[in-house]
Amino acid sequence: MAGRMTLGIVKPDAVAKSHLGNIIAHLESAGWKVRAGRLVRLAKAEAEAFYEVHRGRPFYSELVEFMSSGPCFPMALEKDDAVAAFRAAIGATDPAEAAAGTVRRLYAESKGRNAVHGSDSDENAAREIGFFFPERERAGLWG
Ligand code: ADP
Ligand code: MG
């Protein structure tokens, strides 16, 4: 059964442009519950570790530089079928290909600076929530 939790990140481009509140409001209006969240500036090594799965891809160093370039806002988000529902809510990686009304279509600049991250599987959602909110993930404190 698909899980109810996913990890979203409002990325540094959207935080810098003061879209954080609008993006959270957009998600809450669509039925998402924010169960944890904090503003954090990732060290380069932390961004490398978070995106370890992409190491070796041509965009990896650009991605790591971007994600550590300023504060971002990771959130543990809850909804039915959370991983698939959140990826539908944010839209395609490239905002030019993202459907109307999706977060990336509304707020992203480019394929790299694309406003939000969303976990791509329940397994990765658990890993990524644990990356930013380890104590809550361990305790299962989502009520
Ligand atoms: P998604 O975030 O939609 O799951 P990926 O997991 O494929 O996309 O890529 C992770 C992130 O790396 C993207 O959100 C984007 O910020 C960046 N990225 C992906 N592909 C490219 C690319 N071709 N050029 C620049 N940045 C990219
Ligand atoms: Mg991905």
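Which residues are around ligand 1?

## Ligand shell

In this predicted model, the residues around ligand 1 (a heavy atom within 4 Å) are Lys11, His54, Phe59, Glu62, Leu63, Arg87, Thr93, Arg104, Lys111, Gly112 and Asn114. By class, five are charged (Asp, Glu, Lys, Arg), two nonpolar (Ala, Val, Leu, Ile, Met, Phe, Trp, Tyr, Cys, Pro) and four polar (the others, Gly among them).

## Polar contacts and burial

Polar contacts are pairs of N or O atoms within 3.5 Å. For asparagine 114, a polar side-chain atom is 2.9 Å from a ligand 1 oxygen. The protein buries 80% of the 530 Å² that ligand 1 exposes when taken alone (Shrake-Rupley, 1.4 Å probe).

## Salt bridges

There are seven salt bridges (Lys or Arg side-chain nitrogen within 4 Å of an Asp or Glu carboxyl oxygen) in the structure. One of them joins arginine 35 to glutamate 78, with 2.6 Å between the closest N and O atoms. Because arginine 35 belongs to strand 2 (residues 33-37) and glutamate 78 to strand 3 (residues 73-78), the pair ties together parts 43 residues apart in sequence; strands are DSSP E runs of at least two residues.

## Basis

Residues are numbered from 1 along each chain as its sequence is written, and chains are lettered from A and ligands numbered from 1 in written order. Local features need pLDDT of at least 70 and side-chain atom pairs pLDDT 80 or more, while totals for chains, interfaces and linings use all residues; side-chain values use heavy atoms, without hydrogens and water.

Note on methods. A polar contact is a pair of N or O atoms within 3.5 Å; within protein, one must be able to donate a hydrogen and the other to accept it, and residues adjacent in sequence count only if both atoms are side-chain atoms. Helices (H or I, at least four residues) and strands (E, at least two) are DSSP runs, numbered from the N terminus.
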